[in-house]
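Dear colleague,

Please find the structure below, together with its sequence. My notes on it follow.

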Amino acid sequence: MTRLSLIGLAALACAAGTPVLAKVPAADAEKLGKELTCVGAEKAGNKDGSIPEFAGKWLGTPPGVQYTPNAGQHPVDPYKDDKPLFTISAQNQAQYADKLTDGQKAMFAKYPQTFRIPVYPSRRDFRYPDFVCASAKKNATAAELGDRALSVKGAVNGAVPFPIPKDGLEVLWNHTLPYRAFSDVTIRDNANVLSNGTIAWGRVRNMGYTPIYEQKAVGKPVEGVQSWNMSFTFLPERDKGTVSISQEPLDFGKEKRLAWNYDPGTRRVRQLPEFGFDQPLAFTGGKMTIDSDRLFNGTPERYNWKLVGKREAYIPANAYKVHANTVKYADLLKPGHANPDFLRYELRRVWVVEGTLKEGFRHVYGKRVLFIDEDTWHAVMSDYYDTRGQLWQWGFYNYYYAFDMQAWNAGTSFFHDLNSGGYVGYNLFSEREKGPTLNAGGLKPEMFTPEAARAAGN
């Protein structure tokens, strides 16, 4: 039976509510690193060559690029001499319709004169470290979904649990647990851009510690705490000094996300009764929910997840240009949408996973459709529907390969409200003195306690 047949059967089984075992036969796992990349992408290009064969020729900083790792240097573009192959506009979109998402088509309809998708040559030059490949191969034959699919069992740290997935929940867990930075310190600007172009600004110092990706944890069982996070607010001025801390579990069946907030007005720390789902994300004007950061995060429990399949799509990729320290927000943030001149799209293969709100559960999104890059396992675009079934929002992330950590990092993202015409520019840092400081170390669990939040606020 072919791999595509397995995907199709798994999708039908998922839709019918039949559980599907995650483990794959050893013979299938042997395809990793051969006809599949070591983390499960199709190594071959497509028939017409518009998607090239996976090269994987670069690990870390490419030859000829001057970069100081782990120091917060802004990303350096190894493809700076690339020019767009063509540009998709409202006028010619029909000829590319089979490779566009509903959200992209809605943007063409709403902004027919200004919204464009510049399409660049597809590049598949970067690879993961060997230890990621080793963990992925172990996981292929050992990992399976835990109770109610709220955890994974039998997997080891260092790679996605299901490099050869068979249903939507497995793909979703790959998006949740791809190899990425174990420490990240970034000063982020967040722009809530109203339909008339007026901007309300937020700024935070974000500090994240994900110990499961430290070298000493690689190869050990996936268990315990997934990550800790602290955010210190600088803007808006009225919220300056507010500190938020959260703790993310790996087993959502046994543990829940914990969060605390320090209020500089009262000088008190309080634990939040709930943190996540459709609670509005601060400084986004309601255009982002807490669980739309990285397009989806947290427990999958409120949705039924279906694997729609795999397809070719024009998605943001190798997004170095938008993160350069020469980019000014005034040039980037235009009414309606970001300036397309700073964006890079490529034709790539994506897994499509659809989440439909379960009966009896509440969320502002009745349906969310995630488009997950096969090479990285990161969700790069999402279409969001309201509870009436109407397309409401479109979001996308500009990922780039971070030389510091030899993996892909979530950069600036944009979330569009297709009703109001406003949008959010999230995790902007081109005008900050430093970019993300990745894998510099120095973080530890005791830096993410309520006492640490109080100390940071004072």
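Predicted model: local features only at pLDDT ≥ 70, side-chain atom pairs only at ≥ 80, totals over all residues.

Residues are numbered from 1 along each chain as its sequence is written, and side-chain values use heavy atoms, with hydrogens and water left out.

Helix α5 covers residues 168–176 and is mostly covered, 9 of its 9 residues being buried. Here, buried means under 20% relative accessible area, exposed means over 50%, and partly exposed lies in between (1.4 Å probe, protein chains only). Helices (H or I, at least four residues) and strands (E, at least two) are DSSP runs, numbered from the N terminus. Among the buried residues of α5 are E170, W173, N174 and H175.

**The surroundings of D189**

D189 belongs to strand β5, residues 183–193. Its relative accessible area is 0%, so D189 counts as buried. The D189 side chain makes a polar contact with the side chain of R203 at 2.5 Å, and another with the side chain of Y329 at 2.8 Å. A polar contact is a pair of N or O atoms within 3.5 Å; within protein, one must be able to donate a hydrogen and the other to accept it, and residues adjacent in sequence count only if both atoms are side-chain atoms. When neighbours within four places in sequence are left aside, the residues in contact with D189 (heavy atoms within 4.5 Å) include W201, G202, G425, N427 and R432.

**Aromatic rings**

The structure holds 34 aromatic pairs. Rings of Phe, Tyr and Trp (its six-membered ring) pair if their centres lie within 6.5 Å; planes under 30 degrees apart count as stacked, over 60 as edge-to-face and the rest as tilted. The rings of F86 and Y96 have centres 4.9 Å apart and planes at 5°, so this pair is stacked. F86 lies in strand β1 (residues 86–88) and Y96 in the loop between β1 and α3 (102–110), 10 residues apart. F86 is partly exposed at 26% relative accessibility, whereas Y96 is buried at 14%.

The rings of Y345 and F396 have centres 6.3 Å apart and planes at 45°, so that pair is tilted. This pair joins strand β14 (residues 345–357), which holds Y345, to strand β17 (residues 391–402), which holds F396, across 51 residues. Y345 and F396 are both buried.

One aromatic cluster includes W58, Y67, F126, Y320 and W408. Charged groups also meet rings: the charged end of R302 sits over the ring of F277, 3.6 Å from its centre, and that of K367 sits over the ring of Y385, 4.4 Å from its centre. The criterion is NZ of Lys or CZ of Arg within 6 Å of the ring centre and within 35 degrees of the ring normal.

**Strand β14 and its partners**

Strand β14 is largely enclosed by the rest of the structure, because 12 of its 13 residues are buried. Strand β11 (residues 303–316) pairs with β14 in the antiparallel sense over 13 bridges; two strands pair if DSSP finds at least two bridges between them. Within this arrangement, E312 has R349 in β14 as its bridge partner. β14 also pairs in the antiparallel sense with strand β15 (residues 367–373), over 7 bridges, and V350 stands opposite D373 in β15.

With kind regards
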